[in-house]
Amino acid sequence: MQSEIEQTSKIEAEQQEMKRKQQEKLRLVEEKLRYASLIEEKFKEQESLMKESERLEQLKESISLKEERLQQARTAQQIVPLEEQSDARHSEWQSQLNKLTEKKEEVGQVKAELAQIKLKYEESAKKEADREKLKEEIKQGKQQLEYVEMYLAMKKREAELSQQKANKETKLKNLQTTIEENEIQITKLEKQLSEESMLTKAFYETKEALVKQEEIKGKLDEYQNDYRKLIVLRQQYTTSQKKYQHKQEEIKQLRQKYDTLELAQKEQFAGILANQLIAGEACPVCGSTSHPNKATHDKVPHDFEELEELKILIKKKEAEFVSIEQEFLDQKILGQTQRASVDKLYENLSGISPNFTHETLPQLSETVTHEIRSLKQKLEGISLKQKELEALQLEKTAIQDKNKELKQTFDLIDDEYRLDHEALIQTRTKLDDLRKQLPETIQDANDFKLQLKGKEELYQQMLKEWELLKAAFEQKDEVLKKQNTILEQLQEFEQQTKRSFEEQQKKFLVAMEANGFPHLEAYQEAKLSVEAQTQLANEIEEYQTTVKRIRFRLVELKEQLANVERANLTEYESEVEANRKVLDEIQENILEIQNKLKHDTEILEQLNRILKEMKGLEEEYYVVGTLSNLSSGNNPLRLSFERYVLASFLDEILLQANLRLDRMTDHRYELVRSGEVAKRGAQSGLDLEVMDHHTGITRSVKTLSGGEGFKAALSLALGLADVVQAHAGGVQLDTLFIDEGFGTLDEISLQQAIDCLKDLQESNRLLGIISHVPSLKNEIHTKLVITPSHRGSNLSFTYGK
C-alpha cells in the first residue's frame, strides 16, 4: 500500500508540471486574443460613432427651435411669482365675499325666529293669573288627599279580604267533598281485602303440595336414570366377564404348553447326563457310583429360545390379565353399587305409591307431572290474586294517609276562614267611618285622586312651557346681537381683501408688458413648468455634449488605427478553446489522482489503527477466551463448568445409589459416570454407564432390561434423596412416593426391591407406593384404596395384609 501511494504521488507531480506548461501556453494565446479583440472593438466603435454623428447633424435645426422656446419660458418664469400673488389675493377676496353673503342670510333667519318666539312669549306672560289659580287648587286638593288615600287603602283591604274569604270557602267545600269520596273508597277496599287471609292459607297449602310432588318427580327421574345406568353396567360387566374368562383360559393354555416344554427339556437334560455317566464314577446329581437304570430321552424339537419367548409371552399375557382382571372387578363393583342405589330408590317409591313397579313408572311419572303442572297454575293464580290484594292494601293505605292530610288541611283553612271573616267585618266598619269624614263634593275617591293628578300635570306643563319660552327668547336675542357684530366685521374685512387684490393685479400686468408680452394669452403660451424647462435644457445640453464627445473620439480613433490591420478573431478563439480543453483534461487527471491518493492514505491510516486495536484485543482475549472456552465446555473433555459441578454431586449420588443397587441386583450391577467425550458437539460429564460384574464390562444404561432399569432408577432416586438431605442443612426428606414400575420386576427382583424399601422404612421414613401388583399389595400393611364409581371415586383405608 505504501509503494502504491508513493507511485501515485510521483504521477501527481508529473501531471502538475504538465498543467503549469499548458497554463503558460494558454496565457500567451489568450493575450493574443485580447489584443485582437481590443483592435476589433475600436474598428466597430469608429463605425458606430460615424453613424451617430450623421444622425446628430440631422437634429441640429430642431435643437435650435428648442433653444428659442427655452429662452421664452425662462423670461415668463420671472413674472410667475407676481401672477401667483395676484391669484392668491383674488381667492382671499372671493372667500370673504362668500362668508359675508352666508352671514347675512344667517342673521336674517335669526331675526325671523326671534319674532316668532317673542309673539309666543307675550301670549304666555298673559296666562300668569291662570297658573296661580291652578296652583292654589292643587294645594287645597293635596290637603284633602290624605283622607282619600286612607279610604282607598281601606277599600282595597276590604276587596282582598272578601276574595280570600270566598277562596277559602270554595277550598273547604272541595276538601269536604274529597274526604267523603275517599271514605267511600276506603269502605269498598276493606270489603275487597276481607279475602286476604283465605288466599294466604290456600297459597301455603298449594306450595307445600307442589314441593311434595316435585320431590316425588325427582325420585322418579333419579330412579329411571339409575335403572338405565344399571342396564348399561350389566352389559359392560358381561363383556368384561367374557374377556376375563377368555384371557384366563389363554394364560392357562400357555402355562400348560410351557410346563410341557419345560418337562421335556428337563428329561432331555437327564438323558444327556445319563449318557455321560461312567461306571464306577459318582453321579454329579445323587453321588451314587452305581447306575442300574439310566434315563433315556428323545430329542426335543424345541430349543431354549422358544421356551424363553414363551415365558416372556406368558408374562406379557399375565400383565394384560391383571389389567383385564382390574377392569372386571371395577365393573362388578360399579354394578353392585348401582344395584344398591336402584333398590334403595325402589323402596322409597314403594313407600310413597304401594302399587309402584318398574312397569307403572311411566304412568306414575305422567300423573305426577300433570299434578305438578296443575299446582303451579293454581299457585300462579293465587300469587296474582295476592299481588292484586297487595296493590289494593297499598291503595287503601295511601288513601287513608291522604285523607288524614286533607282533614288537617281542612282544619287549618277553616281557622283561617274564621279569622278572615272577623277581619272583613272590622274593615267594613272602619270604611263607613272614613266615608263620613270625606267632603260632600267628593263623590268618588278614585275620581278625586285622578282629577288632582291631572291638575298637577297641567300646572307642571304650563310652568314648563313658560320657562322654556322665556329661556328661548332671551337666548335668541343674545344670539342676534352677536351675529350683528360678526356681520359688521366681515363687511369691513371684505373691503380690505378687495383693495389688496386690485393692487396686486396692477403690478402683474405692468411686469408682463415690461418683459415683452403684449397680452395675457402670449404670456400663458410662453409659460412652462420648471420640470419641463429642466428637461428641455437637459436635452439641448446632452445634444451639444454628445456632438463634442463623438468628434473628439473619432479624431482619437483615426490616429490609433492609422497603420493597423483588422484581425480574424475566430482563429484566435478556436486556439484558446483547444488549449483550455487540454488544460481541463489535465486538471481532471490531477483531481482523480489526488482523490485516489487521499483515499489510499485514509485506508492506510485506518488499517494501521485496526491492526493496533486487534493487537490489544488479542492480548485481552487470550485470558478471557481461555476461561470462556473452559467454562462453556469448548474444551477437549467437552465438559462445562456447570457440568463439572453437577458431576461432583452425581458421584456422591452414585455412591449412595450403588449401595442399594448392589443389594437389589445381588452384587451384579454398579452405576458409574461415563468418562467418554461426547460426539457431534454434545456436552459430556453427566452420562451414566453400568458395570456388569458378571462380565466385567462397562456398558450403556440403555442396555438394561425393564426391571433392571427400574432398579437403577429407584436406586438413583433414593441416593438423590440421601445426598439432598445431607447437603441441605436442617432439611429432612421423611416421605417418599414411588409410582408404578414394580410390574416389570420378576419375583426375586421384586422381593429385593421390597427389602430395600423396608430398610428405608426402618430409618423412620414414610413410603408411599402407588401400584397394582397384587404381591406388592400384600407387603403393604396400611393401604389407601381408591374405588371409582359413576358418582366419583371412593377412598378407604385398610390395615393389615
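Is D651 buried, partly exposed or exposed? D651 comes out as partly exposed, at a relative accessible area of 35% (buried is under 20%, exposed over 50%, partly exposed in between, with a 1.4 Å probe and protein chains only).

## Ground rules

This is a predicted model, so local features need pLDDT of at least 70 and side-chain atom pairs count only at pLDDT 80 or more, while totals for chains, interfaces and linings use all residues. Residues are numbered from 1 along each chain as its sequence is written, and side-chain values use heavy atoms, with hydrogens and water left out.

## Salt bridges

There are 24 salt bridges in the structure (a side-chain nitrogen of Lys or Arg within 4 Å of a carboxyl oxygen of Asp or Glu). D651 takes part in one of them with R673, where the closest N and O atoms are 2.9 Å apart. This pair links distant parts of the chain, with R673 in strand β1 (residues 669-673) and D651 in helix α12 (residues 641-664), 22 residues apart. Helices (H or I, at least four residues) and strands (E, at least two) are DSSP runs, numbered from the N terminus. R673 is partly exposed too, at 32%.

Then there's K407 with E183, a salt bridge at 3.6 Å, N to O. K407 sits in helix α7 (residues 361-437) and E183 in helix α4 (residues 128-192), so this bridge ties together parts 224 residues apart in sequence. Both ends are partly exposed: K407 has a relative accessible area of 41%, and E183 has 35%.

D600 is buried at 8% relative accessibility, whereas K596 is partly exposed at 37%. Elsewhere, salt bridges join K247, E250, K317 and E320 into a network.

Two packed helices are described by the angle and the distance between their axes. Here axes are lines fitted to C-alpha atoms, for helices over the stretch in contact, and angles run from 0 to 180 degrees between N-to-C directions.

Helix α1 (residues 2-58) and helix α10 (residues 530-560) have axes that come within 10 Å and cross at roughly 145°. Their crossing is left-handed (the near helix is turned anticlockwise from the far one by less than a right angle; clockwise would be right-handed). Residues in contact (heavy atoms within 4.5 Å) include L49, M50 and L56 of α1, and V547, I550 and L554 of α10. By class, this contact has eight nonpolar, four polar and seven charged residues. Ala, Val, Leu, Ile, Met, Phe, Trp, Tyr, Cys and Pro count as nonpolar, Asp, Glu, Lys and Arg as charged, and the others, Gly among them, as polar.

Helix α2 (residues 60-78) also packs on α10, at about 145° with the axes 10 Å apart, and that crossing is left-handed. Among the α2 residues that meet α10 are I63, L70 and A73, with L536, A537 and I540 among those on the α10 side. This contact splits into eight nonpolar, three polar and six charged residues.

## A buried serine

S715 belongs to helix α13 (residues 706-727) and is buried, at 0% relative accessibility. The S715 side chain reaches the backbone oxygen of K711 at 2.8 Å. Leaving aside residues up to four places away in sequence, S715 touches A657, R660, L661 and M664.

Conventions. Polar contact = N/O pair within 3.5 Å; in protein donor to acceptor, adjacent residues only side chain to side chain.
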